[in-house]
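Hello,

Here is the structure we spoke about, for you to open and follow along with. My notes come after it.

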Amino acid sequence: MLYLASQSPRRAELLTRLGLRFGRIDLDIPEHRQPGESAEEYVRRVAREKAGAGLLQVMSTPGAVVLGADTEVVLGDEVFGKPADEADAAAMLCRLSGRTHRVISALSVVSAAREAQAVSVSHVTFAELSDADIADYVASGEAMGKAGAYAIQGRAEQFVVRLDGSHSGVMGLPLHETAKLLKEFGITAAAARGACA
């Protein structure tokens, strides 16, 4: 049985696109970067902690496999998490305006017997944003609760001049890497349907 260790409706929606059946585990894992920890190491660690905490909750389920994921927006070496408030969201978007940033999505899949990880790194270039562009976007409410204060699958798509990488990865769950990793654990849409591989 596959479980998604995430509260994110976007991740659940993306995982559904793979044709998989899965349960949800809601966790509240602290997301704080450690001193000296690189941005990629941080994202990998949080994904691993989510998967591990999720597995502890479903250990009694035979064959439980847990998928944990974390996605962060990174400019230079600075990690942009979720904005604290509207002013913080506007400040993030102002910093991203006219620049290229990385979006790092890490996956961790764990079972009682093994674990595996994958990372997707995408480069996103924003157009120059006016103060009005930023104010209108923040006022829409879409910026809140999103790493880097934007949702590429929503109104912020109009800000993206170039995307080099995974669109689903920027949304929060890189589907190519997810499908490949889950296949290593014998989890595929065909297996979920009981069909031949």
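A149 sits in the loop between α4 (131–139) and β7 (160–164). Helices and strands here are DSSP runs, numbered from the N terminus: helices are H or I with at least four residues, and strands are E with at least two. A149 is buried, because its relative accessibility is 0%. The cut-offs are under 20% relative accessible area for buried, over 50% for exposed, and partly exposed in between, with a 1.4 Å probe and protein chains only. The phi of A149 is near 65°, which is a positive value in a residue other than glycine. Most residues other than glycine have a negative phi.

Some notes on where the values come from. This is a predicted model, in which local features need pLDDT of at least 70 and side-chain atom pairs count only at pLDDT 80 or more, while totals for chains, interfaces and linings use all residues. Residues are numbered from 1 along each chain as its sequence is written, and side-chain values use heavy atoms, with hydrogens and water left out.

Salt bridges

How many salt bridges does the structure hold? There are nine. A salt bridge is counted when a side-chain nitrogen of Lys or Arg lies within 4 Å of a carboxyl oxygen of Asp or Glu.

One of them joins K50 and E31, with the closest N and O atoms 3.5 Å apart. This pair links distant parts of the chain: K50 belongs to helix α2 (residues 39–58), E31 to the loop between β2 (23–25) and α2, and they are 19 residues apart. K50 is buried, with a relative accessible area of 10%, whereas E31 is partly exposed at 27%.

R44 is partly exposed at 29% relative accessibility, and E40 is partly exposed at 31%.

E49 and R45 form another salt bridge, where the closest N and O atoms are 3.1 Å apart. They too are four residues apart in helix α2, separated by about one helical turn. The general rule is that an α-helix has 3.6 residues a turn, so residues three or four places apart point the same way. E49 counts as partly exposed at 32% relative accessibility, while R45 is buried, with a relative accessible area of 13%. Salt bridges that share partners also join E31, K50 and D70 into one network.

Helix α6

Which residues of helix α6 (residues 175–184) are buried? They are L175, T178, L181 and L182. Seen down the axis of α6, these buried residues fall within an arc of 130°, so they line one face of the helix. The arc is taken from the directions from the helix axis to the C-beta atoms. On the other side of α6, H176, K180 and K183 are exposed. The elements that cover the buried residues include β1 (2–5), α1, β3 (65–75), β5 (100–111), β6 (115–126) and α5 (167–171), where contact means heavy atoms within 4.5 Å. Just after α6, G186 has a positive phi of about 75°.

An exposed loop residue

R21 is in the loop between α1 (9–16) and β2. R21 counts as exposed, because its relative accessibility is 62%. R21 and S108 are 87 residues apart along the chain, and their C-alpha atoms are separated by 18 Å.

Regards
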